[in-house]
Amino acid sequence: METLKNITYLLFTLAAAYFAWKAGRRHALRQAARDATPTINLNADYMRGLNFMLSEQPDKALDVFLQMVDVDSETVETHFALGNLYRKRGEIERAIRIHQNLIARPNLNKADKQNALFNLAEDYLKAGLLDRAEALYAQIEKPGDFYDLAQRRIISLDEQQKDWKKAIIVAKAQSKDKQDIQKLSHYHCELADIALRKNDLHAARAHLKEVQSYKKDFLRAQILTTRLATQDGKTNEAVKQMFAVMAQEANLVSELLPGFYTLAQQQEDPEQFDKYLTRILEQHPQHQGVLVAALVRHNLAITKGSRKLIIDYLREGKQFASLHLLLADELNANSEELSEERFAAILDLLKMAGHGKTAYQCTQCGYGSALHQWQCPGCKYWDTARATAQYQ
Ligand SMILES: [Zn+2]
C-alpha cells in the first residue's frame, strides 16, 4: 500500500513538474518578450510545492499551492490533479481546501469554476456529507458534461435516501433523450408500494398509471396492480393477473406467494391456497424448490397441501440430502401420519438450512441476498436479482 502511495506521489510529481515546466517556460518566454528579463517566480513556487510533496510534507505543499498568486488555465490543471490526488488518498480536508481555494478565485473561467464545484461536491460525497454534496451538485449549471454528471449524482443521492418524489422531479427535468424510463418507472413503483402499505389505493393507482404512461408491460407495476386489485376486493381480477405475471416471470414465485395466500383468505373455500399451490406447480414444475423455500420463509406451511409439498420435496432428496437421510423413516411413512411436533421440527431444520443462503443473485455484480430487492444494494442497478439455481 505504501509503495502504491509512493508511486502515485511520484507520478503526480512528474505530471506536476511537467505542467510547472510548461507554465514556467511560457511565463518566462512572455516576460522575455516584454522586457528581456525572464522571471521564474511561478516555476519557483511550483518547485517549492513539489519539494514539500516529495519530502512527504503535504501540509506545507498545500500551503504553497493555496497561496500561489497566479492560477491560469494552464496551472489550474495542477491544482485539480493535486485535489484529486488528496481525495483518492482519503485526505479529504486537503482536497476540500484546494477546491474551495479555486472556487474563491475571481478570475477563474466558467468551465474551471464548474469543474471545481463538481470536485468539491465529490469531496463532500466521499466525506459522507451528502446534503452539502447535493447542494453543490445543484449549483452546477447547464449545459456541459459536469451538469449531466451532477444530475446523475443528485438522482443517485435521492435513491440512496429513498426520496423517490425528488428523484422523479430531477429525472423528469432531464431532456427526453437522457431520461431513464426504467428508473422513473421504479420510482413510481416505490411510491405505489408505500401507498399500498398505507392502504391509500387512490395514490397507488395514480402512480401505477404514471408507470403505464412510460411502459405498458412493466413487470413490477403488474405485480403491484395485483396487490391493488386484492386490497380493492377485486379477487377474481387479482387471481387472473397473478397467474399472468407468474407465466411471464416464474423467477418471482417466492415474492408472489404471500399474495396468493391473501387472495385465498378472501375466499370462502378453506382449500383455496392448496388449489393455487397445485396450479402453480403444474405450470412451473421446475420451481418446486423455490416454492418450498418460499413456504418456509413466509411461514405459509400451514395447510395440508403446503405440508405435502414440503414432505414430497424432501422425500425426493435432491436438495437437503442430509435432512433426507436424517428423516428417512418419517419421510417414507405417509406424510399425514407425521405429528404436528415432528413437522414443526422439520420446518425448523429447513429454516436453519436456508438461513443466510443466497436465494437471489445480481446478474450485474453478483451480489447475493436472501431476500428479493428491486434495486441491487451492491451496484445500484434495478431489477437485476434472479433466483439462484439452488432454489430452482
Ligand atoms: Zn448488483
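How are α16 and α17 oriented to each other, oblique or roughly parallel?

**Entry 1: α16 against α17.** I began with this pair, keeping in mind that I am reading a predicted model. Helix α16, residues 288-297, and helix α17, residues 304-316, pack at an angle of about 125 degrees, and their axes lie 10 Å apart. Angles of 65 to 115 degrees count as roughly perpendicular and those over 145 as roughly antiparallel, and α16 and α17 are therefore oblique to each other. I also noted the hand of the crossing, which is left-handed where α16 passes α17. Looking up the residues that meet, I found Gln288, Gly289, Leu291, Val292 and Leu295 on the α16 side, with Ser306, Leu309, Ile310 and Tyr313 on the α17 side. Sorted by class, the residues of this contact comprise six nonpolar and three polar, with no charged residue.

**Entry 2: α16 against α20.** I then turned to α20, residues 340-354. The axes of α16 and α20 come within 10 Å and cross at roughly 110 degrees, and the two helices are therefore roughly perpendicular to each other. Here Ala293, Val296 and Arg297 of α16 meet Leu347, Leu350, Lys351 and Gly354 of α20. The contact of α16 with α20 has four nonpolar residues, one polar and two charged.

**Entry 3: how covered α16 is.** Which residues of α16 are buried? I listed Gln288, Val290, Leu291, Val292, Ala293, Ala294, Leu295 and Val296, that is, eight of the 10 residues in α16, and I therefore describe the helix as mostly covered. Following α16 in the chain, I noted Asn299, whose phi is positive, near 55 degrees.

**Entry 4: the sheet that holds β3.** Three strands make up an open sheet, ordered β2-β1-β3, with antiparallel pairing. The edge strands are β2, residues 368-369, and β3, each of which pairs on one side only. Strand β1, residues 360-362, runs antiparallel to β3 and is joined to β3 by three bridges. In this pairing I found Cys362 standing opposite Ala385 of β3.

Technical notes
Residues numbered from 1 in each chain as written. Predicted model: local features only at pLDDT ≥ 70, side-chain atom pairs only at ≥ 80, totals over all residues. Axes fitted to C-alpha atoms, helices over the stretch in contact; angles between N-to-C directions. Helix = DSSP H or I, 4+ residues; strand = E, 2+ residues; numbered from the N terminus. Parallel < 35°, antiparallel > 145°, perpendicular 65-115°, else oblique. Left-handed = near helix turned anticlockwise from the far one by under 90°. Contact = placed C-beta atoms within 7 Å. Nonpolar A, V, L, I, M, F, W, Y, C, P; charged D, E, K, R; others polar. Buried ≥ 20, exposed ≤ 12 C-beta atoms within 10 Å, placed from the backbone. Pairing = 2+ DSSP bridges.
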